[in-house]
Amino acid sequence: MAKMFKLAIGLKSLPNLDPVYFKIDGLRFASDRTVKLSIGTAYEVTVTLKPALVLKRFQMYGEYLTLEEKECNPGSSSYKAMWGAIGIPLNKKGDRNQIPVVFEIEDTGTVKTTLQCKFYKAADKQHVTWGQSFSEIAYECKVSDSGTYIDILEERFR
């Protein structure tokens, strides 16, 4: 029988742990939702796994992030890391970045996905906060019967 688990990723803008926003773009791009981020800004990234699983390595935009375990009990495990949107070019109107995100989970496998993002100037607080704030993007995941890959069955912003 296939193994099911839940994975969630949350983003908060530093230094004040401000919320991050997304907007619904419809079918104009690869995803119908775009996460809005500021260039040159640091973010706290949280990863939660249910039931508790060990997150060995975590990568965003090709960079392995240093993980700190926040909590671990039989029901869930959570980790945090810092990520800086440094060296990422500003998006022009009608342009989006597909940020690769890779979760390497011990004794389970690797989950690969992308976050569709638009990057704004750090001083542009109006556009980056327009839309809906979210606390996490939750993924319903299933390890194949053969154990060779992991499918993302559902993605939800909450």
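How many of the 9 residues of strand E9 are buried? The legends below, which describe a predicted model, begin with that strand.

**View 1. Strand E9 and its burial.** Strand E9 covers residues 97-105. Of its 9 residues, 7 are buried, so the strand is largely enclosed by the rest of the structure.

**View 2. The strands paired with E9.** Strand E5, made up of residues 55-60, pairs with E9 in the antiparallel sense over 5 bridges. Within this view, Phe 58 stands opposite Phe 103 in E9. E9 also pairs in the antiparallel sense with strand E10, residues 109-120, here over 9 bridges. Asn 97 stands opposite Cys 117 in E10.

**View 3. The hairpin of E9 and E10.** Between the two strands of this hairpin there are 3 residues. Asp 107 takes a positive phi near 60 degrees in the hairpin.

**View 4. The largest nonpolar core.** This core holds 37 residues. The members that touch the most other members are Phe 5, Phe 58, Trp 83 and Phe 103. When neighbours within four places in sequence are left aside, the contacts of Trp 83 include Leu 37, Val 45, Met 60, Leu 65, Ile 88 and Phe 119. Trp 83 is also in contact with Thr 41, Ala 42, Tyr 43, Tyr 61 and Glu 63.

**View 5. The largest pocket.** The space in the largest pocket amounts to about 180 Å³. Strand E2 (18-24), strand E3 (33-38) and helix H1 (125-128) are the elements that give two or more residues to the lining. E2 gives the most, with 4 residues. Among the lining residues are Asp 18, Pro 19, Val 20 and Tyr 21, together with Lys 36, Ser 38, Lys 125 and Val 128. The lining also includes Ser 13, Thr 41, Tyr 43 and Thr 129. By class, 5 lining residues are nonpolar, 4 are polar and 3 are charged. Thr 41 and Tyr 43, both part of this lining, are also in contact with Trp 83.

**View 6. Ile 24 in strand E2.** Ile 24 is found in strand E2, the element that gives the most to the lining of the largest pocket. Its relative accessibility is 51%, and because exposed means over 50%, Ile 24 counts as exposed. Beyond its neighbours within four places in sequence, Ile 24 is in contact with Asp 32, Arg 33 and Gln 132. Ile 24 and Thr 34 lie 10 residues apart in sequence, and their C-alpha atoms are 6.4 Å apart in space.

Notes. Residues are numbered from 1 along each chain as its sequence is written. This is a predicted model: local features need pLDDT of at least 70, side-chain atom pairs count only at pLDDT 80 or more; totals for chains, interfaces and linings use all residues. Side-chain values use heavy atoms; hydrogens and water are left out. On a 1 Å grid over the protein atoms alone, a cavity is a set of points where a 1.4 Å probe fits but cannot get out, and a pocket is an open set with protein on both sides within 12 Å along at least five of seven lines; lining residues have an atom within 4 Å of a point. Grid points are joined across faces, edges and corners, and a volume is the space filled by probe spheres set on the points. Ala, Val, Leu, Ile, Met, Phe, Trp, Tyr, Cys and Pro count as nonpolar, Asp, Glu, Lys and Arg as charged, and the others, Gly among them, as polar. Buried means under 20% relative accessible area, exposed over 50%, partly exposed in between (1.4 Å probe, protein chains only). Two strands pair if DSSP finds at least two bridges between them. Contact means heavy atoms within 4.5 Å. A nonpolar core is a set of buried Ala, Val, Leu, Ile, Met, Phe, Trp, Tyr and Cys residues joined through side-chain atoms within 4.5 Å.
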